[in-house]
Amino acid sequence: MADEDWAAEVDEQERQISGQVNQMNISNTTAPTEQKKAEDNDTSPVVAAEASFLAKVLRNKLVQNKNEVEVQRNDPSSPLHSVKSFEELPLSEQLRRGVYDMGFNTPSKIQETALPMLLADPPNNMIAQSQSGTGKTAAFVLSMLSRVDATQNFTQVICLSPTYELALQTGQVAEKMSKFCPEIKIGYAVRGERVSPGHKVTDHILFATPGTMLDWIFRHKAVDPRKIKMFVLDEADVMIAIQGHQDQSIRIHKKLTKDCQMLLFSATYDDEVMKFANTVVPDPIVIRLRREEESLDNIKQFYVVCRDQEDKQQALSNMYAVLSIGQCIVFCQTRKSASWLATKMTAEGHSVALLSGEITVEQRLAVLNRFRDGKEKLLITTNVCARGIDVEQVTVVVNYDMPVEPTGKPDFETYLHRIGRTGRFGKNGIAVNFIDGSRSMNIMKKIEEHFGRKISLLETNDVEELEKLN
């Protein structure tokens, strides 16, 4: 295959992935049935990538996490050094200024522990797990910038992300952080970027997607993998869910030297992620940040028995007519039901915002900002909004469809995150589950049993019952 054919193929593969992530111009008339089903469900790997990108954008300031960091080391007897300020770290004054300029005044929990190990000499390999908004991106970006020798004009650090959008987002963090280090050159090995035959890339750090990076190393030989000091795999849980990315990452990894520092970051920590991590990260220090536990103590949980979609929509209307609702989030399982419900509620005169995977990330941010500003009172969404959206005025969350895993089992974690959108900031909240058959009733009963919290029956056509909730 000619170089231009190879490049075109890589570009097309990554454009397809990115296109799926952005969910633009979907043709419902020509798509096969199974594809349409996948596109209508916001739980596919590409939507996971999209949600990850959205979480990074929404939570672009350091989030304080009070939970503890767990560290696993080959030598547990060696002292564990942590820091409480960026002044304690071996950083150049220019980098430290960049960190402060971004509004990072003190290290987050994961940064306190990870940064001393990441910046140590000799370098440590690391596998780190923590959810979005905990400062892990800033931690590894700061480490990448610290490893660069700006007097050497060749690529020294590679950061692989699963999608074009995520690569650009992480690169932008590096550009901001290196604001006072103009000598550090940052580049992108993503779709659309070309290298001329015989050209050697001089960018010190490359933010890349696996296919293009593979192309630049193997076909164009524009980057010498033997000169790479640090290799970072970001969003590993999303990376291994996208076909081909896992194999491409491993192929790149095999060309690196044994003394290259390997870092892997992931929001989850399941067996599949760890199997992949152990393939590419030898003798790692493993850091895990315990998830913030959502408290159910201040959330009253109810269920409403409904016959069908129309009955569910009527129940929501009845609630809205009686309850003193600040703002409300309604979770649907599919885009189709979310779109149908938004149309119905808008026709009744409600101010409705619709959020699902079929609009671009930029459009989604605009919708969320309007909702946060109170311009719409009712947000109808799929699981893309289940985590990390903190709006103080949200008093009611409705599970229009009960959350289930692809296997049909109850999705306990999604349920927890969904109803955790209310009762924020120490306030009381209400969660209402719409039950439209024996299947959804069984799912709710299992959720009730799992969390050990009673979910009470609510009659939405009983005005007196509804008024008691106010």
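Over residues 84-112 the chain is 45% helix and 0% strand, and the end C-alpha atoms are 6 Å apart. The model is predicted: local features need pLDDT of at least 70, side-chain atom pairs count only at pLDDT 80 or more, and totals for chains, interfaces and linings use all residues. Residues are numbered from 1 along each chain as its sequence is written, and side-chain values use heavy atoms, with hydrogens and water left out.

**Residues 84-112 in the record**

- An unreviewed UniProt entry lists residues 84-112 as "short sequence motif: Q motif".
- UniProt also places "domain: DEAD-box RNA helicase Q" (unreviewed entry) at residues 84-112; such annotations may be inferred rather than shown by experiment.

**Ser-178**

- Ser-178 is found in the loop between helix 7 (164-177) and strand 4 (186-189); helices (H or I, at least four residues) and strands (E, at least two) are DSSP runs, numbered from the N terminus.
- Ser-178 counts as buried because its relative accessibility is 8%, the cut-off being under 20% relative accessible area with a 1.4 Å probe and protein chains only.
- A polar atom of the Ser-178 side chain lies 2.8 Å from the backbone oxygen of Ala-174.
- Apart from neighbours within four places in sequence, Ser-178 is in contact (heavy atoms within 4.5 Å) with Leu-145 and Ile-186.

- Seven strands make up an open sheet with parallel pairing, in the order 11-12-10-13-14-9-15; two strands pair if DSSP finds at least two bridges between them.
- Strand 11 (352-355) and strand 15 (456-457) stand at the edges with a single partner strand each, so one side of each has no neighbour in the sheet.
- Strand 13 (residues 394-399) pairs with strand 14 (residues 429-435) in the parallel sense over four bridges, and Asn-399 stands opposite Asn-433 in strand 14.
- Helix 12 (residues 309-322) packs on the sheet, touching strand 9 (299-305), strand 10 (327-331), strand 12 (378-381), strand 13 and strand 14. The direction of helix 12 makes about 155° with that of strand 14, where angles run from 0 to 180 degrees between N-to-C directions.
- Helix 13 (residues 335-347) also packs on the sheet, touching strand 10, strand 11 and strand 12, and its direction makes about 170° with that of strand 11.

**Helix 15 and helix 16**

- The axes of helix 15 (residues 412-419) and helix 16 (residues 438-451) come within 11 Å and cross at roughly 80°.
- Helix 15 and helix 16 are therefore roughly perpendicular to each other, a term that covers 65 to 115 degrees.
- Phe-412, Tyr-415 and Leu-416 in helix 15 meet Lys-446, Ile-447, His-450 and Phe-451 in helix 16.

Note on methods: Buried means under 20% relative accessible area, exposed over 50%, partly exposed in between (1.4 Å probe, protein chains only). A polar contact is a pair of N or O atoms within 3.5 Å; within protein, one must be able to donate a hydrogen and the other to accept it, and residues adjacent in sequence count only if both atoms are side-chain atoms. Angles under 35 degrees count as roughly parallel, over 145 as roughly antiparallel, 65 to 115 as roughly perpendicular and the rest as oblique.
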